[in-house]
Amino acid sequence: MTSNLMKLVASSVAIANHAGHIIRSVLNSGQLGVIDKAIDGEEFDPQTEADRSAQCVIIGSLKSQFPGINVIGEEDDCESAKEEFLQKEFDEDVLKHSCPSEYEKLNVDDMIVWVDPLDGTAEFTKGHVEHVTILIGISSAGKAIAGVIHQPFYSSEKVKFCGRTIWGVKGIGSFGVHRHPPPSGRRFVVTTLSHDNASVVQAINSMNADKVIRVGGCGFKVLQVIEGSADAYVFATPGTKKWDTCAPEAIISAMGGCVTDMLSRDINYGSTEKKSYMNWCGVLVTFNDHESYASKVPEALKKELNDIYESKMA
């Protein structure tokens with residue numbers, strides 16, 4: 001009998017593929033429908049018709065397939081898509097895999113699904129579509145245990161924008177992606193393209209990196225580490241949310257990588273309080289030598305981030 005977790009992953013893969021078609025269709029239409037969802041004088045925070053439509057389909061499809069499932073998505077006020085637009089298929093390749101024993105008995109209400117329907121919206125609106133990902137992460141008992149990353153605008157050698165879907169489950173591994181081990185001793189760091197501040201700069205400078213790579217989207221940054229283009233993703237400020245990191249964490253962890261905050265603490269995906277959505281202490285992602293990168297974070301910066309965390313979570 002197929003476990004609830006593997007059914008959920010198989011459904012999420014099919015849904016992500018479907019949502020990728022929607023995002024490409026919106027881009028091809030030329031009608032992005034950009035609005036600013038920033039509040040209280042915050043910096044411009046774009047949302048597009050692709051964000052809204054993809055989330056409606058993803059959440060609607062998940063809730064249709066798994067009644068009672070707790071799904072938390074980035075975009076507010078998105079109604080479920082009409083029945084005829086919902087994705088109800090399961091990916092057969094996922095269902096060929098056996099569920100890890102520790103997850104076999106998970107019920108639907110034991111899991112939380114974290115959804116970013118279009119990670120990298122700012123880049124999407126600027127035409128940097130290769131940075132865009134769809135992220136569907138699954139957590140249980142506060143841990144990221146499975147995830148799906150779909151790249152709608154991934155291009156193969158033969159086909160432009162054919163799309164690519166990567167999925168992983170802790171205890172099984174990750175699929176749809178190939179890692180090229182980087183040279184020993186190299187220190188390439190990937191970080192934000194458009195959200196620099198003093199803390200980010202301080203952390204990057206402390207890493208003594210041979211090269212700093214700047215790209216958009218949390219999912220795309222983690223893919224740089226997964227595939228070996230970068231050795232660490234360093235983001236030493238609040239900004240990413242649980243829906244940005246859950247799926248990438250599950251996938252890279254299933255491959256042997258590591259994700260923590262900048263204080264080397266695990267990210268907790270167990271709370272559904274809105275104040276817990278933010279990764280207040282930043283994100284540190286590596287495939288190897290996690291402690292080496294974590295040890296370089298200045299103590300003053302760690303204290304600054306912890307003070308932010310304590311004030312926001314009080």
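**Aromatic pairs.** Select the rings of Phe, Tyr and Trp (for Trp, its six-membered ring). A search of the whole structure finds 7 aromatic pairs. Rings pair if their centres lie within 6.5 Å; planes under 30 degrees apart count as stacked, over 60 as edge-to-face, and the rest as tilted. This is a predicted model: local features need pLDDT of at least 70, side-chain atom pairs count only at pLDDT 80 or more, and totals for chains, interfaces and linings use all residues. Residues are numbered from 1 along each chain as its sequence is written, and side-chain values use heavy atoms, with hydrogens and water left out.

Go to Trp114 and Tyr277. Their pair is edge-to-face, at 5.8 Å centre to centre with 85° between the planes. Trp114 lies in strand β4 (residues 111-119) and Tyr277 in the loop between β12 (258-260) and β13 (283-286), so the pair ties together parts 163 residues apart in sequence. Helices (H or I, at least four residues) and strands (E, at least two) are DSSP runs, numbered from the N terminus. Both Trp114 and Tyr277 are buried. Buried means under 20% relative accessible area, exposed over 50%, partly exposed in between (1.4 Å probe, protein chains only).

Next, show Phe153 and Phe161. They too form an edge-to-face pair, 5.1 Å centre to centre and 80° between the planes. Phe153 is buried, at 5% relative accessible area. Phe161 is partly exposed, at 29%.

Ring pairs link Trp114, Trp243, Tyr269 and Tyr277 into a cluster.

**Charges over rings.** Select Arg186 and Phe188. The charged end of Arg186 sits over the ring of Phe188, 4.1 Å from its centre. The criterion is NZ of Lys or CZ of Arg within 6 Å of the ring centre and within 35 degrees of the ring normal. Then move to Arg187, which lies over the face of Tyr293, 4.0 Å from the ring centre.

**Nonpolar cores.** A core is a set of buried Ala, Val, Leu, Ile, Met, Phe, Trp, Tyr and Cys residues joined through side-chain atoms within 4.5 Å. The largest has 51 residues. Those with the most contacts inside it are Trp114, Val225, Tyr233, Val234, Ile252, Met262 and Val285. Apart from it lies another core, of 41 residues, among them Cys99, Tyr103, Leu118 and Phe153.

**Helix α6.** Select residues 218-227. Of the 10 residues here, 9 are buried, so α6 is largely enclosed by the rest of the structure. Among the buried ones are Phe220, Lys221 and Gln224. Just after α6, Gly228 takes a positive phi of about 95°.

**Helix α5.** Select residues 198-206. Ser199, Val200, Ala203, Ile204 and Ser206 are buried. They cover an arc of only 160° around the axis, which puts them on the same side of α5. That arc is taken from the directions from the helix axis to the C-beta atoms. The face turned away carries the exposed residues Ala198 and Asn205. What covers the buried residues includes β9 (188-192), β10 (211-215), β11 (232-235) and α9 (299-313). At the N-terminal end, Asn197 caps α5, with a side-chain oxygen 3.0 Å from the backbone nitrogen of Ser199. Just after the helix, Asn208 takes a positive phi of about 50°.

**Last stop: Ser12.** Ser12 is found in helix α1 (residues 4-29). Ser12 is buried, at 0% relative accessible area. Leaving aside neighbours within four places in sequence, Ser12 is in contact (heavy atoms within 4.5 Å) with Leu62, Ile136, Ile138 and Val148.

Note on methods:
Polar contact = N/O pair within 3.5 Å; in protein donor to acceptor, adjacent residues only side chain to side chain.
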